[in-house]
Amino acid sequence: MRVVVPFAAETPKTRLESVFSPDERSRFASAMLADVLRAIAETGHKPTVVSTAPLAVADLELPEAVAAVTSVAVDERPLTDAVNAWLPGGDGAADESGATGDPDHDPVAVVMADLALATPDALEGLLTTAADVAIAPGRGGGTNALVVRHPAFRVDYHGTSYLDHCEIARSVGADLETVDSFRLGTDIDEPADLVEVLVHGRTSDRALARLREFGFALDDRDGRVGVARETDRASE
Ligand SMILES: Nc1nc2c(ncn2[C@@H]2O[C@H](COP(=O)(O)OP(=O)(O)OP(=O)(O)O)[C@@H](O)[C@H]2O)c(=O)[nH]1
Ligand SMILES: C[C@H](OP(=O)(O)O)C(=O)O
């Protein structure tokens, strides 16, 4: 099964701009991407990053075994169009190895690059489903990861895309399974989501290492848990 990882390389994670500089946002987004690619590779699958701009795999500093199975395809189209090209029955897209999206209607998984808590076990729970369409929803109604085995199913991201995808599956006669997973359901969009990385990140995770390097730590001084930077705490 091909595993596609969409990645907005140029202006990643704009909703985190209140807490990160542009350079930090880019480095944090790349760290989450690296963690997701490693988790996918550890399930035995080969990830294809579908990036809005050229991306050198070497720059991601992946473990050698992960880099060896990772490929990149550049597609400047909006997310929905870029992903649909790779789905079973899609119009195809080529990565740098010349592989295309799906001539044989093989199943395709789509895993977002901001699933900082994704682990091989959590991904296995999605990738081993048998339904025509299996979805791991994100909090807030999004679609964090999905597997498509049905040739007529197409994605339509943004807004409450989980509900939209349930309706699209119904309309094409595809049976659907919803995968209940805290780790796949946690996408890192807003500053408050950084709490999840600091609480549940594993010591080997790049995203956790980046946050710590940038000086972020949990902050529960007012009884609620948030994040704060060393510089903020020092100035108070
Ligand atoms: N290929 C591709 N990937 C995208 C695009 N927009 C978002 N992504 C990726 O899709 C996933 C979900 O993205 P979002 O959380 O909706 O948006 P984001 O760009 O990461 O963050 P914001 O700028 O804060 O909305 C992430 O892996 C993004 O890198 C796009 O236009 N093309
Ligand atoms: C791409 C979008 O992601 P969100 O903005 O909900 O994180 C979605 O899941 O439809």
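Which residues are buried in helix H5 (residues 161–171)? They are Ser161, His165 and Ala169. Buried means 20 or more other C-beta atoms within 10 Å of a residue's own, exposed means 12 or fewer, and C-beta atoms are placed from the backbone. The three cover an arc of only 80° around the axis, which puts them on the same side of H5. That arc is taken over the directions from the helix axis to the C-beta atoms. An α-helix has 3.6 residues a turn, so residues three or four places apart point the same way.

This is a predicted model: local features need pLDDT of at least 70, side-chain atom pairs count only at pLDDT 80 or more, and totals for chains, interfaces and linings use all residues. Residues are numbered from 1 along each chain as its sequence is written, while chains are lettered from A and ligands numbered from 1 in written order.

Leu163, Glu167, Arg170 and Ser171 are exposed on the face turned away from the buried side. After H5 comes Gly173, with a positive phi near 80°. Helices (H or I, at least four residues) and strands (E, at least two) are DSSP runs, numbered from the N terminus.

Next, the hairpin. Strand E8 (residues 216–219) and strand E9 (residues 226–229) pair antiparallel over four bridges; pairing takes at least two DSSP bridges. Asp219 stands opposite Gly226 in E9. Six residues separate E8 from E9, and Gly223 in the turn has a positive phi of about 90°.

Finally, helix H1 (residues 22–42). Gly44 follows H1, its phi positive, near 95°.
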